[in-house]
Amino acid sequence: MPFKQPLTHADLRTIRERQPWNPDVIALLWEVKRLRSVLLRAYQLSDDFKRPAGITGGLYDDFMSALRDEPCVIERDRNVQEMMETPDKLRKGMAPR
């Protein structure tokens with residue numbers, strides 16, 4: 001049986017807001033946050049990973065593809081892109097890029 005669609009940060013926040021009184025939900029959300037941070041660290045280091053030769057090369061390719069498709073990685077890349085965009089209004093003394 002395939003996995004369900006991965007949850008985004010907004011989905012996790014909605015769950016938190018529906019059950020703010022439930023300590024089990026809070027504990028699980030903290031664990032999800034910890035696991036998402038592990039994925040983000042793996043993504044940050046992925047450029048330094050070497051593709052193994054042999055039969056495990058396919059597993060490596062699948063892992064890297066799945067890592068790029070993780071919501072926490074997509075959200076991080078989108079946030080970085082938004083921070084790098086030119087602001088609508090330049091501050092005094094700020095030259096256009």
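Student: At the start of α2, which residue's side-chain oxygen reaches the backbone nitrogen of Asp-24?

Tutor: Keep in mind that we're looking at a predicted model. At the start of α2, the backbone nitrogen of Asp-24 has a side-chain oxygen within 3.0 Å. That oxygen belongs to Asn-22.

Student: Which residues of α2 are buried, and which elements are included in what covers them?

Tutor: Buried here means under 20% relative accessible area. In α2 that picks out Val-25, Leu-29, Arg-36 and Ala-42. The cover over these buried residues includes α1 (9-18), α3 and α4.

Student: How far apart are the end C-alpha atoms of α3, and what span should its 13 residues have?

Tutor: Helix α3 takes in residues 56-68, and we count 1.5 Å a residue.

Student: Why do the buried residues of α3 lie on the same side of the helix?

Tutor: The buried ones are Gly-57, Tyr-60, Met-64 and Leu-67. They sit on the same side of α3 because they cover an arc of only 90° around the axis. As a general point, an α-helix has 3.6 residues a turn, so residues three or four places apart point the same way. For α3, then, the value to remember is that arc of 90°.

Student: Which exposed residues does the face of α3 turned away from its buried side carry, and what does the cover on the buried residues include?

Tutor: Let's do the cover before the open face. What covers the buried residues of α3 includes α2 (23-45) and α4 (71-84). On the face turned away, the exposed residues are Leu-59 and Asp-62.

Student: How many helices and strands are there in the chain, and is the chain spread out or compact?

Tutor: Reading from the N terminus, the elements run α-α-α-α, so the radius of gyration is the next thing to check. It is 19 Å, well over the 13 Å that the globule rule gives for 97 residues, so the chain is more spread out than a compact globule. The count is four helices and zero strands.

Student: What percentage of the chain's residues count as buried?

Tutor: The C-alpha trace spans about 55 × 50 × 20 Å along its principal axes. The accessible surface comes to about 8,500 Å², with 58% of it belonging to carbon and sulfur atoms. Of the 97 residues, the buried share is 15%.

Terms used. Residues numbered from 1 in each chain as written. Predicted model: local features only at pLDDT ≥ 70, side-chain atom pairs only at ≥ 80, totals over all residues. Heavy atoms only, no water. Helix = DSSP H or I, 4+ residues; strand = E, 2+ residues; numbered from the N terminus. Expected span 1.5 Å × (residues − 1). Buried < 20%, exposed > 50% of the residue type's maximum accessible area, 1.4 Å probe, protein only. Arc of directions from axis to C-beta. Contact = heavy atoms within 4.5 Å. Rg over C-alpha atoms; globule rule 2.2 N^0.38 Å. Areas by Shrake-Rupley, 256 points an atom, 1.4 Å probe, with all protein chains shown as cover. Polar contact = N/O pair within 3.5 Å; in protein donor to acceptor, adjacent residues only side chain to side chain.
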